[in-house]
Structure formats: structure tokens, C-alpha cells
Amino acid sequence: MFRFYVSSENIHENFVELEKEDINHVKNVLRMKAGEHILVCDMQGVDYECILSEITDACVRADIKCSMKNEAELQADITLYQGLPKKDKMELIIQKAVELGATRIVPVMTRYCVTKLDSKKEEKVISRWNTIARSAAKQSQRGIIPQVTPVMKFADAVKEASKCDLAVVAYEKAKGMEYSKKILGDVKGKKNIAVFIGPEGGFSEEEINAAFESGVTAVSLGHRILRTETAGLTILSIIMFGLEEDKEGGQEA
Ligand code: SAM
């Protein structure tokens with residue numbers, strides 16, 4: 001069943017209206033007909049099974065058959081605080097973070113970041129990054145569209161993250177794999193999780209100490225130095241796997 005994303009104002013009591021950008025797709029690309037079933041997601045975690053009822057150049061309307069909780073969302077909000085990487089690595093990081101269940105991606109300016117975004121350029125880049133997040137959310141059938149925020153200073157990011165149930169910084173000098181496994185293995189029941197990843201040059205000692213002072217825990221991702229784009233995906237995969245549950249009514253593996 002084809003899936004479409006609509007904003008909540010397009011969802012009425014008994015029917016939905018698809019977004020303008022999807023009208024042509026339904027009518028002229030997919031050549032769908034009234035009576036066919038589609039899935040509509042409100043981008044707030046609810047899916048609607050609908051039956052197409054009206055298809056014109058100006059509007060595509062579908063009657064709501066039933067609604068259900070989107071099952072692609074993890075039971076915790078995960079924010080990835082990513083040290084601004086070089087070139088277009090951020091696009092890959094965003095795409096994979098969305099597939100792995102991140103709720104929000106915050107580009108962070110740290111001491112060793114090589115990339116500098118002036119305000120004019122930043123607006124354009126953030127908008128592109130949000131387009132990538134939206135496309136990855138659709139591809140991975142997410143129930144929400146994760147947000148890529150404007151660039152944040154490290155100190156502000158740590159302050160914000162300190163309010164989370166769990167805040168971790170991937171740190172290649174962290175001691176103890178067993179300790180790291182314990183921290184990253186204990187995510188069930190956490191409602192909001194913050195993950196810090198350094199840029200290519202890593203975090204400065206001052207940044208790491210500031211993180212510790214704010215209650216951010218350092219975890220190791222093994223005895224090899226991972227690229228920044230690998231580290232984020234690694235830790236998000238571990239957290240995702242610890243949070244993921246069988247689908248309601250799903251079979252035990
Ligand atoms: N300081 C690193 C070095 O010596 O080359 C450079 C930083 S690494 C390329 C980028 C980021 O990935 C780090 O800041 C850290 O967040 C994460 N990272 C890489 N390898 C890691 C590991 N084995 N354990 C934990 N974090 C790691």
C-alpha cells in the first residue's frame with residue numbers, strides 16, 4: 001500500500017486531503033483510481049488506512065477507514081548531537097540517523113570543527129538537510145519527520161542534553177567496554193536519550209570535561225578509531241536495537 005505524509009490540518013474527521021505535491025504523483029504517475037487503498041501518516045505518529053474517493057487535478061481526497069499508532073517509532077526520543085563534519089558527510093549521517101530512529105539531529109559547532117557555516121549559508125544548508133531527513137523518513141516509513149535544527153554551540157548542546165534521561169558521548173579514550181556495554185545496554189524505559197559524536201578532529205579535553213560535569217557519560221565504541229560518520233551510526237544502531245520491540249500482535253522471533 002502506498003504511503004503519503006500529510007500535515008494534521010489536512011486530516012478531517014472522516015477523510016484526508018493529500019498535499020499538493022502528491023496530487024500529480026497519485027493521478028499521473030501512479031494512475032491510481034477511486035476505491036484503491038492508501039496509507040496516510042500525520043507525521044505525529046499516527047497512520048490512517050484510507051480509501052481513495054476523489055482524484056482531480058486540484059485535489060485528492062480519501063475516506064478514512066481506520067487509524068493506528070505508527071509502529072516505526074522507538075519508545076524514546078533520541079537526539080544526535082553531531083560535531084559538524086567536513087563536506088557532505090552530514091547528508092549521509094542524517095539519512096542513516098533517520099533510518100535508525102533518531103528523533104532530532106543537532107549539528108554542533110565544536111573546537112576542532114573544520115566546517116564553518118556563515119548565517120546565510122547555514123539557512124540554505126539546514127533547509128537541505130531537512131529535505132534529506134524528510135525523504136529518509138518517508139523511505140523508512142517513519143511516523144514522524146525528524147528535525148535537523150540550526151547549528152548549536154557545544155556548551156548549549158551539553159546544557160540541553162543534561163536534561164535527558166540518558167546522555168552519552170562517544171569517546172575513543174573512554175575506559176571499559178564492559179561499562180560501555182552496560183550503559184548502552186540499559187536504554188529500555190528511557191524516554192529521551194542524547195548522543196554526542198565528535199567531528200573528524202574529535203572533542204577537545206575541555207569539551208569532554210564540560211560534558212562530564214554536566215552528567216554526560218563517556219562510552220567506548222571499541223578499540224578502533226571510527227570515522228565520525230561511522231561512530232554515530234554505530235551508537236544509534238546499538239541504542240535502536242536495545243529499544244526496539246516486537247510489533248503489537250507480532251510473533252516472537
Ligand atoms: N580523536 C580521534 C582520533 O584520534 O583520530 C578523531 C575523532 S573520531 C574520527 C570522530 C568521533 O568519533 C570521535 O570524536 C568520537 O565521538 C567517535 N569515535 C570514534 N572512534 C570511537 C571509539 N572507538 N569509541 C568511541 N567513540 C569513537
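**Note on loops, domains and salt bridges**

1. Arg31 sits in the loop that runs from helix H1 (20–29) to strand S3 (37–41); helices (H or I, at least four residues) and strands (E, at least two) are DSSP runs, numbered from the N terminus. Although Arg31 is not a glycine, its phi is positive, at about 50°. Its relative accessible area is 60%, so Arg31 is exposed (exposed is over 50%, buried under 20%, partly exposed in between; 1.4 Å probe, protein chains only).

2. This is a predicted model, in which local features need pLDDT of at least 70 and side-chain atom pairs pLDDT 80 or more, while totals for chains, interfaces and linings use all residues. Residues are numbered from 1 along each chain as its sequence is written, and side-chain values use heavy atoms, without hydrogens or water.

3. Gln141 also has a positive phi, near 60°, and is a residue other than glycine. Its place is the loop between helix H3 (119–139) and strand S8 (147–148). With a relative accessible area of 44%, Gln141 is partly exposed.

4. The chain is split into domain 1 (2–69) and domain 2 (77–243), with bounds from an automatic or database domain assignment. Their centres, taken over C-alpha atoms, are 34 Å apart. Seven residues of domain 1 and eight residues of domain 2 take part in the contact (heavy atoms within 4.5 Å).

5. How much area do domain 1 and domain 2 bury between them? The figure is about 640 Å², with 51% of it on carbon and sulfur atoms; this is the accessible area (1.4 Å probe) lost on putting the two parts together, summed over both. On the domain 1 side, Arg3, Tyr5 and Met43 lose the most area to domain 2, and together they account for 71% of what that side buries.

6. One salt bridge is found across the interface of domain 1 and domain 2 (a side-chain nitrogen of Lys or Arg within 4 Å of a carboxyl oxygen of Asp or Glu). The structure holds 16 salt bridges. One of them joins the side chains of Glu21 and Arg134, with an N to O distance of 3.7 Å.

7. Glu17 and Arg61 form another salt bridge, and their closest N and O atoms are 3.4 Å apart. This pair links distant parts of the chain: Glu17 belongs to strand S2 (residues 15–17) and Arg61 to strand S5 (residues 60–69), 44 residues apart. Glu17 is partly exposed at 23% relative accessible area, and Arg61 is partly exposed at 28%.

8. Arg142 and Glu73 meet through their side chains in a salt bridge of 2.8 Å, N to O.

9. Asp186 lies in the loop between helix H5 (177–185) and strand S11 (192–197). Asp186 forms a salt bridge with Lys190, where the closest N and O atoms are 3.5 Å apart. Lys190 counts as buried at 18% relative accessibility, whereas Asp186 is partly exposed at 44%. The C-alpha atom of Asp186 is separated by 35 Å from that of Cys66, 120 residues apart along the chain.

10. Finally, a network of salt bridges links Lys89, Glu200 and Glu229.
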